[in-house]
Amino acid sequence: MGCNGNDAQSLAVTKLLNVLTGVGPVSATDLAIYPNPSQGNFWVRLAGTFEVNGTLSVFAADGRWVMAQAIYGQTSMIDTQGWPSGIYCVQLRLGNRISSQTVVLGR
């Protein structure tokens with residue numbers, strides 16, 4: 001399950017948005033975050049044959065937006081300089097598909 005696994009309200013909103021917009025998730029096997037847990041920067045790798053132009057957003061465990069960046073290839077490095085240790089939600093948007101996973105950052 002993605003970042004919203006323990007937050008019933010966020011999960012309900014995500015499911016509602018998927019129904020209203022027709023947006024389906026990117027397969028969990030198509031998105032890999034490593035190393036996870038991480039002691040610094042981490043990488044996001046996309047597998048599969050779908051388009052690779054999209055947006056990667058990161059949110060802190062309390063829901064605060066941390067960063068967003070455009071992605072244009074199969075692999076992107078996320079610079080975590082200045083981020084405190086914690087659990088972060090990485091959300092990937094590729095066209096009309098959305099996927100999210102958690103990453104643990106420990107310094």
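Trainee: What share of the 107 residues in the chain is buried?

Mentor: Buried residues make up 34% of them. Keep in mind that this is a predicted model. The chain exposes about 6,300 Å², and carbon and sulfur atoms supply 55% of that area.

Trainee: Which secondary structure elements does the chain contain, and in what pattern along the sequence?

Mentor: There are one helix and eight strands. Read along the sequence, the pattern is α-β-β-β-β-β-β-β-β.

Trainee: How many bridges hold S2 to S3, and which residues face each other?

Mentor: S2 and strand S3 (residues 42-46) pair over four bridges in the antiparallel sense. Leu31 has Leu46 of S3 as its bridge partner. Ile33 stands opposite Val44, also in S3.

Trainee: And over how many bridges do S3 and S6 pair?

Mentor: S3 and S6 pair over four bridges, again in the antiparallel sense. Val44 stands opposite Ser76 in S6.

Trainee: How should I read the two faces of a strand?

Mentor: In a regular strand the side chains alternate between the two faces of the sheet. S3 is a case to look at: Phe42, Val44 and Leu46 form its covered face, while Trp43 and Arg45 form the uncovered one.

Trainee: Which residues of the largest nonpolar core touch the most other members?

Mentor: The general idea comes before the names. In soluble globular proteins, nonpolar side chains tend to be buried together. Here the largest nonpolar core has 18 residues, and Phe42, Val44, Trp83 and Val90 touch the most other members. At least two core residues come from each of S2, S3, strand S4 (54-60), strand S5 (65-71), strand S7 (86-94) and strand S8 (97-105). S7 gives the most, with four residues. Two of the residues named, Phe42 and Val44, are also on the covered face of S3.

Trainee: What about Met77: where does it lie, and which residues is it in contact with?

Mentor: Met77 lies in strand S6. With 37% relative accessibility, Met77 counts as partly exposed. Leaving aside neighbours within four places in sequence, Met77 is in contact with Asn41, Phe42, Trp43 and Gln69. Take Trp43 from that list: Met77 and Trp43 are 34 residues apart along the chain, yet their C-alpha atoms are separated by 4.4 Å.

Trainee: How many salt bridges does the structure hold?

Mentor: Side chains of opposite charge can pair when their charged atoms come close. The structure holds one salt bridge. Asp62 forms it with Arg64, and the closest N and O atoms are 2.9 Å apart.

Trainee: Last item, the peptide bonds. Which bonds are cis?

Mentor: The bond from Tyr34 to Pro35 is cis, with omega near -15 degrees. The bond from Asn36 to Pro37 is also cis, with omega near 10 degrees. Pro35 has its place in the loop between S2 and S3, and Pro37 lies in that loop too.

Terms used: Residues numbered from 1 in each chain as written. Predicted model: local features only at pLDDT ≥ 70, side-chain atom pairs only at ≥ 80, totals over all residues. Heavy atoms only, no water. Pairing = 2+ DSSP bridges. Salt bridge = Lys/Arg side-chain N within 4 Å of Asp/Glu carboxyl O. Buried < 20%, exposed > 50% of the residue type's maximum accessible area, 1.4 Å probe, protein only. Contact = heavy atoms within 4.5 Å. Core = buried A, V, L, I, M, F, W, Y, C linked by side-chain atoms within 4.5 Å. Areas by Shrake-Rupley, 256 points an atom, 1.4 Å probe, with all protein chains shown as cover.
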